[in-house]
Amino acid sequence: MATLPQMAATKERQEAANPTTTTRTLVESVTNWIRVYSDGSVDRLGPPEAAAFMVLVPPYDDPRDGVTVHDVATDHGVDVRLYLTTTAPARRRPVLVHFHGGGFCLSHAAWSLYHRFYARLAVDLDVAGIVSVVLPLAPEHRLPAAIDAGHAALLWLRDVASGGSDTIAHPAVERLCGAADFSRVFLIGDSAGGVLVHNVAARAGEAGAEALDPIRLAGGVQLHPGFILPEKSPSELENPPTPFMTQETVDKFVVLALPPTKDTEKFICRADVYGSEPSDLAGKFAPVPRCEKGGRLFFTSCKRQEGSSTRKERTAGDGTWVRQNSKGVKNKAGVKVGETQNFRFKKDGSYTDWLMEEHHCCRQQAVAGDEEPVICRMYVSPRAPPDSAARQESAAFVQQQPALQVSEPPCDKKKRDDVAEEAPAAA
């Protein structure tokens with residue numbers, strides 16, 4: 001059974017062996033997890049620590065620990081995995097509909113992580129079955145694609161309950177139909193899947209009970225739901241990074257999953273900016289747009305300091321840049337070669353949606369007082385609400401910019417002699 005990282009590595013080896021078959025270039029990446037290329041293709045990887053739970057478990061008809069597992073292609077454009085118990089039902093039992101996690105960008109219903117949990121849960125809860133939905137993944141399928149898929153799974157379950165589905169003849173679907181109490185359907189999901197529990201239930205509520213009749217949603221179970229707020233929560237800022245999850249992972253997944261708007265398309269909210277000591281750079285620049293997306297990219301320098309600075313706030317314009325986090329960058333030999341720092345602008349006592357990254361380059365022979373190069377980027381948080389003052393400032397700047405001039409296409413190449421013959425004679 002192959003893992004997703006193994007399949008991605010095989011693909012890379014094939015492309016390396018046939019370099020003429022691809023012209024794609026890397027345009028975005030999420031450390032350890034995702035690479036997005038210029039041709040729209042996506043490689044999903046995974047850190048070595050995750051390989052064990054990313055194994056794709058195939059379905060099986062022969063019972064294992066009281067459960068059989070079946071993959072079904074529904075007639076509503078979504079695939080599901082069914083976990084069915086083998087005990088003879090004395091009564092009709094509830095049905096669980098599962099949405100997997102993965103930040104809307106990763107994971108699969110067939111991962112061993114989910115197989116081990118839900119195969120056991122089906123037996124322990126004595127349910128008729130668990131319907132695990134194979135969700136479309138971003139960035140190929142951005143939100144609300146996952147919500148649409150979750151709702152489509154409920155519509156399929158409705159058709160199964162009423163006998164109107166073309167899949168009713170599938171032996172596993174027939175078993176589910178004979179054991180299920182469709183008036184007790186529960187949604188369950190972890191992380192991003194927990195968010196889908198809320199959104200799919202809300203979609204069903206908007207459609208009305210008649211749209212799902214005869215099934216009824218009896219409840220939902222959210223396992224560590226990954227709700228994202230405009231301002232980072234204390235747990236996001238304080239929890240140390242792990243091989244599975246960092247602030248970069250969360251922020252980039254959010255941007256990759258959001259619908260492609262002017263503020264989110266091909267835009268990553270933060271690089272790996274979890275730095276060390278703060279510098280005085282942030283105090284020099286107030287948040288002012290400088291480019292068509294409302295951001296500002298510039299180069300500057302700062303003086304090497306002895307020891308570490310504890311200053312976390314510096315005045316800039318009519319507000320203050322507040323350091324959020326920082327991290328040293330080391331090379332393979334363990335030598336510090338740079339540092340990255342992350343700031344947020346505070347005005348009138350409240351945080352705004354202006355953010356700034358600083359990327360410091362440390363010269364190995366530099367001493368205290370020497371100038372070292374720094375790259376800074378200011379931008380509007382992709383989590384900012386539509387009516388955010390920062391978004392309005394950014395939009396106002398874009399509207400003031402002149403329309404881009406379209407240049408004429410380049411002329412055909414000509415030989416030097418031909419050009420000389422066409423040149424006008426001297427007066």
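This is a predicted model: local features need pLDDT of at least 70, side-chain atom pairs count only at pLDDT 80 or more; totals for chains, interfaces and linings use all residues.
Reader: Is Ser 388 buried or exposed?

Author: The cut-off for buried is a relative accessible area under 20%. Ser 388 has a relative accessible area of 5%, and therefore Ser 388 counts as buried.

Reader: How many helices and strands does the chain have, and what percentage of its 427 residues count as buried?

Author: The chain has nine helices and 16 strands. Of the 427 residues of the chain, the part that counts as buried is 44%.

Reader: Which residues touch the most other members of the largest nonpolar core, and which helix gives the most to this core?

Author: In soluble globular proteins, nonpolar side chains tend to be buried together. The largest nonpolar core here has 67 residues, and Leu 82 and Leu 157 are the ones that touch the most other members. The helix that gives the most to this core, with ten residues, is helix 3, residues 145-162.

Reader: Which residues does Leu 82 touch, not counting residues up to four places away in sequence?

Author: With residues up to four places away in sequence left out, the residues that Leu 82 touches include Thr 68, Val 69, His 70 and Val 72. Further along the chain, Leu 82 also touches Ile 130, Val 131, Trp 156, Ala 172, Val 173 and Leu 176.

Reader: Which peptide bonds ending at Pro 144 and Pro 214 are cis or trans, and where do these prolines lie?

Author: Most residues other than glycine have a negative phi, and most peptide bonds are trans. Pro 144 lies in the loop between strand 8, residues 129-133, and helix 3, while the place of Pro 214 is in the loop between helix 5, residues 192-207, and strand 10, residues 217-223. The bond from Leu 143 to Pro 144 has omega near 15 degrees and is cis, and the bond from Asp 213 to Pro 214, with omega near 20 degrees, is cis.

Reader: What is the phi of Asp 65, and is Asp 65 buried or exposed?

Author: Asp 65 lies in the loop between strand 4, residues 60-64, and strand 5, residues 67-73. Its phi is near 55 degrees, a positive value in a residue other than glycine. The relative accessibility of Asp 65 is 77%, and so Asp 65 counts as exposed.

Reader: Where is the place of Phe 104, and what is its phi?

Author: The place of Phe 104 is in the loop between strand 7, residues 93-99, and helix 2, residues 112-124. Phe 104 is a residue other than glycine with a positive phi, and the value is near 65 degrees.

Reader: Which residues form a nonpolar patch on the surface with Val 337?

Author: Val 337 is found in strand 14, residues 336-347, and because its relative accessibility is 31%, Val 337 counts as partly exposed. The patch has about 170 Å² of accessible area together, and the residues that form it with Val 337 are Val 329 and Val 335.

Key: Residues are numbered from 1 along each chain as its sequence is written. Side-chain values use heavy atoms; hydrogens and water are left out. Patches are made of residues with over 30% relative accessible area and no salt bridge: like charges are joined within 9 Å, nonpolar side chains (Val, Leu, Ile, Met, Phe, Trp, Tyr) within 5 Å. Accessible areas come from the Shrake-Rupley method with a 1.4 Å probe; for residues, only the protein chains shown count as cover. A salt bridge is a side-chain nitrogen of Lys or Arg within 4 Å of a carboxyl oxygen of Asp or Glu. Helices (H or I, at least four residues) and strands (E, at least two) are DSSP runs, numbered from the N terminus. Buried means under 20% relative accessible area, exposed over 50%, partly exposed in between (1.4 Å probe, protein chains only). A nonpolar core is a set of buried Ala, Val, Leu, Ile, Met, Phe, Trp, Tyr and Cys residues joined through side-chain atoms within 4.5 Å. Contact means heavy atoms within 4.5 Å.
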